[in-house]
Amino acid sequence: MIEITEQQLMAFVAGFLWPLFRIAGFFMAVPIFGTRLVPMRIRLGLAVLTALAVAPLLPPMPQVELLSLQSFMICANQVFIGLALGFSVQLLFQLFIVLGQTVAMQMGLGFSTMVDPANGINVAVLSQFFVMLTTVLFLAMNGHLVMIEVFIESFRVIPVSGAGLAGSGLMSLVLGGGWMLAAALLIALPTVTALLIVNLSFGVMTRSAPQMNIITIGFPFTIIMGVFLVWVSMSGFLPRYERAVEEGFALMRSVMGV
């Protein structure tokens, strides 16, 4: 009869439980899988299946009593690492929300909002368009598989232990917010510049012909011009999107300390 000692059972549980906390934290914060559209049971099932597949490939776990304070600290660190890596990917998708909001405000569509079903907040219609477009592109380019692959690499770079993210990784996560804003403004710059020229032209027209109702004429023309410019900018959107995704994964690796 096969006998399993308590120490072997505790080692087996620890080898599965600690990676599960990191994976569950990642799936809770990451886009697509961590949105409100995915039920909690589905997310938990994905985390458990991923942990079962990854656990045999991980390096040896620290020899710590499972029901000790140090074990709880390891669990907390794993959850925080998973949340940090998921948030770094979330910045990539928030980039395009900021992009849509910036262009919409410039073209006069800032008042036109709709509920984002993924996050449960009101965003500009143009932002929702960019989010849906980039989500489809991300899945079509197997970005979700690359994202999970980079995340699994974190178990090699940051082994399961009492130590958490390094200071450089936390600083990279903080600076990721600046990267998100800069990248969004860089992509929106041509459209925003063209709309600024249109608004300046209407300003000159107002000064030369004060009797003209500039609001009646300029507001619909600015919206039509903005939609046209967004349509024209779609021709060069894919290279800029690929570059943003590469920089997003590079940010994810820098958070890991690579």
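**Exercise 1.** Is Phe 26 buried or exposed, at its relative accessibility?

*Solution.* The model is predicted, so local features need pLDDT of at least 70, side-chain atom pairs count only at pLDDT 80 or more, and totals for chains, interfaces and linings use all residues. Residues are numbered from 1 along each chain as its sequence is written, and side-chain values use heavy atoms, with hydrogens and water left out.

Step 1. Buried means under 20% relative accessible area, exposed over 50%, and partly exposed in between (1.4 Å probe, protein chains only).
Step 2. Phe 26 has 0% relative accessibility and therefore counts as buried.
Step 3. Phe 27, at 4%, counts as buried too.

**Exercise 2.** Classify the aromatic pairs Phe 26–Phe 27 and Phe 138–Phe 249.

*Solution.* Step 1. Rings of Phe, Tyr and Trp (its six-membered ring) pair if their centres lie within 6.5 Å; planes under 30 degrees apart count as stacked, over 60 as edge-to-face and the rest as tilted.
Step 1. The whole structure contains 12 aromatic pairs. In one of them, Phe 26 and Phe 27 lie 6.0 Å apart centre to centre with 65 degrees between the planes, an edge-to-face arrangement.
Step 2. For Phe 138 and Phe 249 the centres are 6.3 Å apart and the planes stand at 35 degrees, so this pair is tilted.
Step 3. The latter pair links distant parts of the chain, 111 residues apart: Phe 138 belongs to helix H4 (residues 125–140) and Phe 249 to helix H8 (residues 237–256). Helices here are DSSP runs (H or I, at least four residues), numbered from the N terminus. Both Phe 138 and Phe 249 are buried.

**Exercise 3.** Describe the surroundings of Phe 155.

Step 1. The charged end of Arg 22 sits over the ring of Phe 155, 4.4 Å from its centre; the criterion is NZ of Lys or CZ of Arg within 6 Å of the ring centre and within 35 degrees of the ring normal.

**Exercise 4.** Characterise the packing of helices H3 and H6.

*Solution.* Step 1. The axes of H3 (residues 69–107) and H6 (residues 167–208) come within 8 Å and cross at roughly 15 degrees. Axes are lines fitted to C-alpha atoms over the stretch in contact, and angles run from 0 to 180 degrees between N-to-C directions.
Step 1. The two helices H3 and H6 are therefore roughly parallel (angles under 35 degrees).
Step 2. The contact residues of H3 with H6 comprise 24 nonpolar, 8 polar and no charged.

Notes. Angles under 35 degrees count as roughly parallel, over 145 as roughly antiparallel, 65 to 115 as roughly perpendicular and the rest as oblique. Ala, Val, Leu, Ile, Met, Phe, Trp, Tyr, Cys and Pro count as nonpolar, Asp, Glu, Lys and Arg as charged, and the others, Gly among them, as polar.
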